[in-house]
Amino acid sequence: MTRTRKSLIAAGLGLAAFLALSGFKAAHHGPMDPEKAHAKIFARLDKILTKVEATPEQRSRINGIAERLWSERPERDGGPRELLSVWSEESPDAAAIHAKIDQKAEARRVFANRMADAMIEVHGILTPAQRAQVGQLLEERFERGGRGHFRHGGAKE
């Protein structure tokens with residue numbers, strides 16, 4: 001593997017984490033109103049962009065990417081509960097169950113690839129110094145076990 005390819009993969013993974021930790025993940029427990037989820041995700045993204053002192057142009061471009069991802073995210077449907085519904089059936093259709101799981105997995109795979117492409121776009125928008133700051137924020141987040149929110153001014157958000 002070439003050094004350039006390794007660098008792109010590392011950058012992609014870092015930006016995937018950046019966007020994921022900004023809220024593009026299904027980490028909340030239980031159903032959340034899509035409008036509230038949108039507001040929460042974009043508030044986190046705004047705080048990250050503030051921390052890295054993103055310019056208005058960078059903010060605009062990154063928010064555009066985030067909005068695009070938001071509109072393309074897979075729908076949250078019944079999930080595991082939907083599969084539990086077959087428990088009461090006399091003869092569950094194994095093929096239908098597996099097809100539904102495959103369909104959901106494919107939708108997530110497609111979205112993950114779109115997210116990777118978006119991360120590469122964001123990588124090109126941020127300066128090397130900003131990318132280093134994002135890397136530091138991610139490292140701090142991972143040290144806390146990936147839980148909680150980014151801290152600003154020492155107070156938990």
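1. Confidence. The protein averages a pLDDT of 77, and 69% of the residues score at least 70. pLDDT is the predictor's confidence in each residue, from 0 to 100. This is a predicted model: local features need pLDDT of at least 70, side-chain atom pairs count only at pLDDT 80 or more, and totals for chains, interfaces and linings use all residues. Residues are numbered from 1 along each chain as its sequence is written, and side-chain values use heavy atoms, with hydrogens and water left out.

2. Among the elements, strand E2 (residues 155–156) has the lowest mean pLDDT, 40, while helix H3 (residues 56–72) has the highest, 93. Residues 25–29 have a pLDDT below 50, and beyond near neighbours in sequence this stretch has five contacts in the model. Contact means heavy atoms within 4.5 Å. Residues 147–157 also stay under 50, with 23 contacts beyond four places in sequence. Where pLDDT is low, the predicted coordinates should not be read in detail.

3. Layout. The secondary structure comes to six helices and two strands. Along the sequence, the pattern is α-α-α-α-α-α-β-β. Helices (H or I, at least four residues) and strands (E, at least two) are DSSP runs, numbered from the N terminus. Take contacts between residues at least 6 apart in sequence: 67% of them join residues at least 24 apart.

4. Surface and burial. Buried residues make up 29% of the 157 residues. Buried means under 20% relative accessible area, exposed over 50%, and partly exposed in between (1.4 Å probe, protein chains only). The protein exposes about 10,400 Å², and carbon and sulfur atoms supply 56% of it. These areas come from the Shrake-Rupley method with a 1.4 Å probe; for residues, only the protein chains shown count as cover.

5. The core. The largest nonpolar core has 22 residues; Phe42, Leu45, Ile62, Ile65 and Leu69 have the most contacts inside it. Helices H2 (34–51), H3, H5 and H6 each give two or more residues to this core. H2 gives the most, with six. A nonpolar core is a set of buried Ala, Val, Leu, Ile, Met, Phe, Trp, Tyr and Cys residues joined through side-chain atoms within 4.5 Å. Not counting residues up to four places away in sequence, Ile62 touches Leu45, Leu49, Val122, Ile125 and Leu126.

6. Helix H5. H5 covers residues 94–125, and its 32 residues should span 46 Å at 1.5 Å a residue; the end C-alpha atoms are 47 Å apart, which agrees. The expected span is 1.5 Å times one less than the number of residues. Asp93 caps the N-terminal end: a side-chain oxygen lies 3.2 Å from the backbone nitrogen of Ala95. The buried residues of H5 are Ile97, Lys104, Phe111, Met115, Ala118, Met119, Val122 and Ile125.

7. Gln58. Gln58 sits in helix H3. Gln58 is buried, with a relative accessible area of 8%. A polar atom of its side chain lies 2.8 Å from the backbone nitrogen of Thr55. The side chains of Gln58 and Gln130 are joined by a polar contact of 2.7 Å. A polar contact is a pair of N or O atoms within 3.5 Å; within protein, one must be able to donate a hydrogen and the other to accept it, and residues adjacent in sequence count only if both atoms are side-chain atoms.

8. Gln133. Gln133 lies in helix H6 (residues 128–143). Gln133 is partly exposed, with a relative accessible area of 30%. A polar atom of the Gln133 side chain is 3.3 Å from the backbone oxygen of Lys51. The C-alpha atoms of Gln133 and Lys51 are separated by 8.1 Å, though the two are 82 residues apart along the chain.
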